[in-house]
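Reader: Could you walk me through how to read salt bridges and burial in a protein model? I would like the general idea each time, and then the case at hand.

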Amino acid sequence: MERSNTEAADGLNLVKDGKDDNDVLVVGAGVSGLAIALALLQDGRRVVVIDAGRIGGGASHGNCGTITPSHAPPLAAPGMITTAIKWTLTPDAPLYIKPRFDPVLWRWLMGFAARCNERDWLASAHAKYSLLSDSRLRLTEWVNKFGLECEYVEGGEDYVFRDPRKLEAEQHELPLLRDLGVPITIMDGPAYEAFEPALKPGVVGAIRFTGDASLRPDRYVAELARLVRKHGGKIIEDTALQSLQRDGERLMAVTSFGNMRARDVVIATGAWSPQLATEIGLPWLRKAIQPGKGYSITYSRPSLVPKTALMLRDRSVCVTTWGDGYRLGSTMEFSGYDTSLNERRLGALERGAREFLHEPVGPEVRERWYGWRPMSRDDIPLIGRAPGHKHLWLATGHGMMGVGMSTGTGQLIADMMQGRLPSVDPTPFDPARFS
């Protein structure tokens with residue numbers, strides 16, 4: 001998708017002409033930034049979106065596209081430290097921390113470790129669920145209201161097990177999920193194998209989360225971008241934010257394409273947010289978020305595919321299917337902004353799928369992908385006004401839930417910016433907790 005030079009020139013002209021038509025500048029054209037732009041446009045705000053790269057070029061592109069209130073329990077759980085230490089010695093484990101000297105990472109990990117207790121685990125789960133469930137319902141509304149063509153399916157997601165110990169361990173989270181309101185059905189192995197012929201024999205049980213949904217993420221991002229433009233917003237690609245300065249009651253964004261002034265600026269740059277911390281006057285942001293690297297492989301569609309999205313829980317491999325595509329994804333790797341494509345971790349996705357599925361891969365590999373998720377220390381996103389800044393807003397730190405939290409994040413920012421009472425309590429998401 002080519003950048004519109006007309007849009008870029010318009011953005012500059014708003015400054016040169018001394019106008020305030022750059023009402024809101026959103027930095028980041030991933031799912032969060034585009035959803036925020038669309039929600040603000042519905043309020044009559046004038047919105048420009050800029051991105052250092054391409055629309056949806058980050059984690060918005062290669063994820064598995066699951067919409068999962070069932071994933072409310074955070075990664076920082078009791079017992080996770082012991083598990084993480086064990087997995088550190090296994091480079092293709094679901095969670096891997098690459099050994100290296102990185103003081104910022106180790107400070108982040110110490111903060112993460114401090115939250116691996118029952119009290120903080122419960123608090124994070126309640127906060128995440130409030131936004132995930134709101135986003136799940138709001139996404140259905142947006143699909144119907146705006147005619148989003150993104151292969152959205154309200155088919156649920158199933159956790160599948162071949163190891164009885166893994167199935168038993170998973171039961172720990174179910175009482176919390178039921179209390180939150182997540183619909184759950186447990187099936188034994190033979191019953192689930194009869195229900196899902198794509199699976200090999202040997203399933204010991206499955207947990208069905210019937211309230212979950214899925215979509216095709218690249219088409220979802222493209223549809224959000226289409227709607228932003230349709231409703232009068234501008235999107236300027238290949239335009240990096242270089243610094244942010246106060247300009248009276250406005251903010252001046254210095255970008256690689258020129259200066260842009262706006263009344264409000266929203267930082268929705270995902271895993272790149274820490275790299276902008278100093279430039280936007282929020283140095284503490286470097287300590288709040290770490291890039292968590294994920295992988296996926298996309299294929300042409302096999303002849304036998306699962307009926308719904310699956311999590312092959314023994315191996316932490318997610319399986320999603322679309323009309324003409326099929327994807328294996330997951331894993332979490334803390335290796336900084338390492339740009340290498342780790343063959344061993346990609347191979348772990350296929351090995352996990354082969355344990356469970358008759359047709360684990362498609363006939364043609366279309367894309368081998370990695371991308372960074374913005375992992376906050378408490379696994380709760382940072383959504384709201386930046387501390388000490390009246391017109392600077394943050395919408396980042398969504399971890400692995402960016403797509404699933406996108407519509408709720410958009411509406412939450414719009415509500416707070418307009419001074420309305422939000423449908424989701426914004427308190428747990430306040431960025432000031434890290435400053």
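Predicted model: local features only at pLDDT ≥ 70, side-chain atom pairs only at ≥ 80, totals over all residues.

Reader: Which residue does Glu223 meet in a salt bridge?

Author: The general idea comes first. Side chains of opposite charge can pair when their charged atoms come close. The criterion here is a side-chain nitrogen of Lys or Arg within 4 Å of a carboxyl oxygen of Asp or Glu. In this case the partner of Glu223 is Arg226, at 2.9 Å from N to O. The two are three residues apart in helix α10, and therefore about one helical turn separates them. Arg226 is partly exposed because its relative accessibility is 35%.

Reader: You mention a helix; how many helices and strands are there in the protein chain?

Author: These elements are DSSP runs, numbered from the N terminus: helices are H or I with at least four residues, strands are E with at least two. The protein chain has 13 helices and 20 strands.

Reader: Which parts of the chain does the salt bridge between Glu151 and Arg219 link?

Author: The N to O distance in that salt bridge is 2.7 Å. The pair links distant parts of the chain, 68 residues apart: Glu151 sits in the loop between α6 (118-146) and β5 (157-161), and Arg219 in helix α10 (residues 217-230). Glu151 counts as partly exposed at 25% relative accessibility, and Arg219 also has that label, at 34%. Both residues belong to a network of salt bridges that links Glu151, Arg216, Asp218, Arg219 and Asp324.

Reader: What does Lys293 pair with?

Author: Lys293 forms a salt bridge with Asp338, with 3.6 Å between the closest N and O atoms. Lys293 lies in strand β14 (residues 289-299) and Asp338 in the loop between β17 (326-334) and α12 (343-356), so the pair ties together parts that are 45 residues apart in sequence. Lys293 is buried, at 0% relative accessible area, whereas Asp338 is partly exposed at 21%.

Reader: How many salt bridges does the structure hold?

Author: There are 27 salt bridges in the structure.

Reader: How should I read contacts, and which residues is Arg354 in contact with, leaving aside its neighbours within four places in sequence?

Author: Contact means heavy atoms within 4.5 Å. Arg354, in helix α12, is in contact with Lys200 and Pro360 once those neighbours are set aside. Arg354 and Leu199 are 155 residues apart in sequence, yet 9.7 Å apart in space, C-alpha to C-alpha. For the protein chain, among contacts between residues at least 6 apart in sequence, 77% join residues at least 24 apart.

Terms used. Residues numbered from 1 in each chain as written. Heavy atoms only, no water. Buried < 20%, exposed > 50% of the residue type's maximum accessible area, 1.4 Å probe, protein only.
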